[in-house]
Amino acid sequence: MAKIKVLAFNGSPRAGGNTATMLAALAEGVVAAGGEIEIIRLCDLTIQPCVACGGCDESGECVLVDDMTQLYEKIIAADRVVLASPIYFYGITAQAKAMVDRTQALWNRWRVPGGPGRRAADPSRRGLLLAVAATSGAKVFDGAILTAKYAFDAMGFAHGGELLVRGLEQRLDAAARPEALREAGERGRKLLATLSA
């Protein structure tokens, strides 16, 4: 039986920070549950912002050629997806948002007559938002949640919830929060659970 493939995007520009620490704990849960996970650090890639040219409206393919090009097939092949980001000004980072905006091509892919179409509906194919914030504001995650929901839909995933952690300001704060790390591991395990149709 093939392993469930989880594709995780780390949108943090900070190497080894709280987002990476939480994502590593989630990855341990995925592996412990028998899945496989690939973590892509978006800051290491060159992803141009969407230029609103309308090219993908006609073809279902993005006209820009950069590192995002290789991510489209990875997204299509994945069984689960994780969007991980610290919160900057009540939203995801610029690196994460550039990737999200470029998924418009995937949204258009299934709408173009004669195009490759959307992956067959699968109720277990879903996405998870992992977000960390320094502040404890009641609405600090609202913008990121909305962005993730629409991004997952464009990528062909159902919204599978969020793992949200407040009060992580310094680089190593997540490492000192064992309860948060345990929760991340548990969410990684639960992410592999198959939902009934």
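Start with the strands: five of them form an open sheet in the order 2-1-3-4-5, with parallel pairing. The edges are strand 2 (36–41) and strand 5 (158–165), each of which pairs on one side only. On average, neighbouring strands of this sheet are turned by 15 degrees against each other, direction ignored. Keep in mind throughout that this is a predicted model.

Stop 1: For one of the partners, click on Leu-83: its bridge partner in strand 4 is Leu-129.

**Stop 2: helices on the sheet.** Now show helix 3, residues 68–77. Helix 3 packs on the sheet, where it touches strand 1 (5–10) and strand 2. The direction of helix 3 makes about 135 degrees with that of strand 1. Next, show helix 7, residues 178–191. Which strands does helix 7 touch? Helix 7 packs on the sheet against strand 1, strand 3, strand 4 and strand 5, and its direction makes about 170 degrees with that of strand 5.

**Stop 3: Arg-126.** Go back to strand 4, which covers residues 126–132, and select Arg-126. Is Arg-126 buried or exposed? Its relative accessible area is 7%, and the cut-off for buried is under 20%, so Arg-126 counts as buried. Then display Ala-193: its backbone oxygen lies 2.9 Å from a polar atom of the Arg-126 side chain.

**Stop 4: salt bridges.** Side chains of opposite charge can pair when their charged atoms come close. The count here comes to eight salt bridges.

- Select Glu-38 and Lys-74, whose side chains meet in a salt bridge at 3.1 Å, N to O. This pair links distant parts of the chain, since Glu-38 is in strand 2 and Lys-74 is in helix 3, 36 residues apart. Both are partly exposed: Glu-38 has a relative accessible area of 34%, and Lys-74 has 30%.
- Select Arg-41 and Asp-44, which form a salt bridge with their closest N and O atoms 2.7 Å apart. Asp-44 is exposed, with a relative accessible area of 55%, whereas Arg-41 is partly exposed, at 22%.
- Select Lys-97 and Asp-101, whose side chains meet in a salt bridge at 2.7 Å, N to O. Where do these two sit? Lys-97 and Asp-101 are in helix 4 (residues 94–102), and because they are four residues apart there, about one helical turn separates them. Lys-97 is partly exposed, with a relative accessible area of 33%, and Asp-101 is partly exposed as well, with 30%.
- Finally, select Glu-61, Glu-73 and Arg-109, which salt bridges with shared partners join into one network.

**Stop 5: the whole chain.** The protein has seven helices and five strands. Along the sequence they follow the pattern β-α-β-α-α-β-α-α-β-α-β-α. The radius of gyration is 16 Å, close to the 16 Å that the globule rule gives for 197 residues, so the protein is as compact as a globular protein of that length. The C-alpha trace spans about 50 × 40 × 30 Å along its principal axes.

Colour by accessibility next: 44% of the 197 residues count as buried. Among contacts between residues at least 6 apart in sequence, 80% join residues at least 24 apart.

Technical notes: Residues numbered from 1 in each chain as written. Predicted model: local features only at pLDDT ≥ 70, side-chain atom pairs only at ≥ 80, totals over all residues. Heavy atoms only, no water. Buried < 20%, exposed > 50% of the residue type's maximum accessible area, 1.4 Å probe, protein only. Polar contact = N/O pair within 3.5 Å; in protein donor to acceptor, adjacent residues only side chain to side chain. Pairing = 2+ DSSP bridges. Axes fitted to C-alpha atoms, helices over the stretch in contact; angles between N-to-C directions. Contact = heavy atoms within 4.5 Å. Salt bridge = Lys/Arg side-chain N within 4 Å of Asp/Glu carboxyl O. Rg over C-alpha atoms; globule rule 2.2 N^0.38 Å.
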